[in-house]
Amino acid sequence: MGTLEKLRLKMSQVPVDAFLVSNMQNWRFVSGFTGDAGTLLITRDEAIIFTDSRYTEQAEQEAPDYTVIKTVVEKNVLKETIDKIRISRIAFEKDYVTYSRWEKLKETLSGQELIGVSGWVEELRAVKSEEEAGYIARAQGIADEAFSRLLPLVKAGASEMDLALELEFTIRKLGSEGIAFPFIVVSGARSSLPHGVPTSKKLEPGDFVTFDFGARCNGYCSDMTRTVVVGHASDKHREIYDLVLRAQLAALEVIKPGVMAREVDLAGRRVIEEAGYGEYFGHGIGHGVGLNVHEKPSVGKTSEDVLKPGMVITIEPGIYIPGFGGVRIEDLVLVTEDGKKNLTASEKQLIVV
Ligand code: ZN
Ligand code: ZN
């Protein structure tokens, strides 16, 4: 069943006559249209892209099966179209409609009943086709290569910002469309900030340095994290690093179709908790990756999601000790029919630079 058929099935179950898609990554996934202004209207037998003159030609090329209707400021084309095709109940994406947009929708579509729905497209996006998984694997390959090229430059005296910039430059040079998200490069005591931004701080002997970064291929992201230590690894460095690595391996071990995502979180979390470091691991162990770097499924301790072949998730336990520093190790994994395939190739033993 194609994406449109799946969405139409959902529509018939509610039931509604139409579905308005207003999230950009969602309409890209459904239609192929990559423009960043527009709305998608799916009815029982029509599929329409509304966009302005900057994008109409592009939309026609990227989404040949769709009717493209040009929006103009003088009149409400969406309303005109909806009135013409006689729709009475319309589902819309309530997670992406601002309050002012909602007020406008209510006013212009006063003859229709609006029903807010959540996650319809995201649920489909969570399971990747072979083609989509291929783009993610390619982005990850670029990230691995960039990291191996960066390593010789990671040493005492180099600044977090310079290393982040070098990594970004290399990733783009290797063919990435851009960065998947602003890179995290944090060192020393700053490495206890799970999402710290790079600063002009220079690496010093005894620093943990965490790199969290990703490339982008055909719109699809990759996401990986490695932590290295500068100069010399103390017993404490090794204890924490080995613990995070053991937690990561334990979580990876349980990944296969049919497993609850929260079981994966639990398998890793247990290792950290049993060693007495539970309070230093505050976030979920992973997340889905695709057109967005964070998307369905969620891989945390309260997740209701079940792993399915085609899902791409990260496994990224961490321990963050304020005043000392932190370690995170993150791999990108494709769930396959018979288990999993780790898309990340970079070394995971502690690297001393
Ligand atoms: Zn990451
Ligand atoms: Zn991540």
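User: What makes strand β2 count as mostly covered?

Analyst: Five of the five residues in β2 (residues 39–43) are buried. Buried means under 20% relative accessible area, exposed over 50%, partly exposed in between (1.4 Å probe, protein chains only). Strands here are DSSP runs of E with at least two residues, and helices are runs of H or I with at least four, numbered from the N terminus. This is a predicted model: local features need pLDDT of at least 70, side-chain atom pairs count only at pLDDT 80 or more, and totals for chains, interfaces and linings use all residues. Residues are numbered from 1 along each chain as its sequence is written, chains are lettered from A and ligands numbered from 1 in the order written, and side-chain values use heavy atoms, without hydrogens and water.

User: Which way do the β2 side chains point?

Analyst: Thr-39, Leu-41 and Thr-43 point one way, Leu-40 and Ile-42 the other. In a regular strand the side chains alternate between the two faces of the sheet.

User: How do you know that β2 pairs with β1 and β3?

Analyst: Two strands pair if DSSP finds at least two bridges between them. β1 (residues 18–21) and β2 share four, in the antiparallel sense. Four bridges also join β2 to β3 (residues 47–51), again antiparallel. Val-21 has Leu-40 as its partner in β2. Leu-41 has Ile-48 in β3. β2 and β3 form a hairpin with three residues between them.

User: Why is the arrangement around the zinc ion (ligand 2) called irregular?

Analyst: Asp-223 (OD), His-287 (NE2), Glu-316 (OE) and Glu-330 (OE) coordinate the zinc ion (ligand 2) at 2.1 Å. Donors are N, O and S atoms within 2.8 Å of the metal (3.2 Å for Na, K and Ca); water is not among the atoms, so sites may look incomplete. Four donors count as tetrahedral if all angles lie between 85 and 135 degrees; four count as square planar and six as octahedral if opposite donors are over 155 degrees apart and all others between 65 and 115; anything else is irregular. The angles here run from 77 to 151 degrees, so the arrangement is irregular.

User: What makes His-287 and Glu-330 buried?

Analyst: His-287 has a relative accessible area of 9%, so His-287 is buried. Glu-330 is at 0%, so Glu-330 is buried as well.

User: Why is α7 called oblique to α8?

Analyst: α7 (residues 130–150) and α8 (residues 160–173) pack at about 135 degrees, with their axes 9 Å apart. Angles under 35 degrees count as roughly parallel, over 145 as roughly antiparallel, 65 to 115 as roughly perpendicular and the rest as oblique. So α7 is oblique to α8.

Conventions. Axes are lines fitted to C-alpha atoms, for helices over the stretch in contact, and angles run from 0 to 180 degrees between N-to-C directions.
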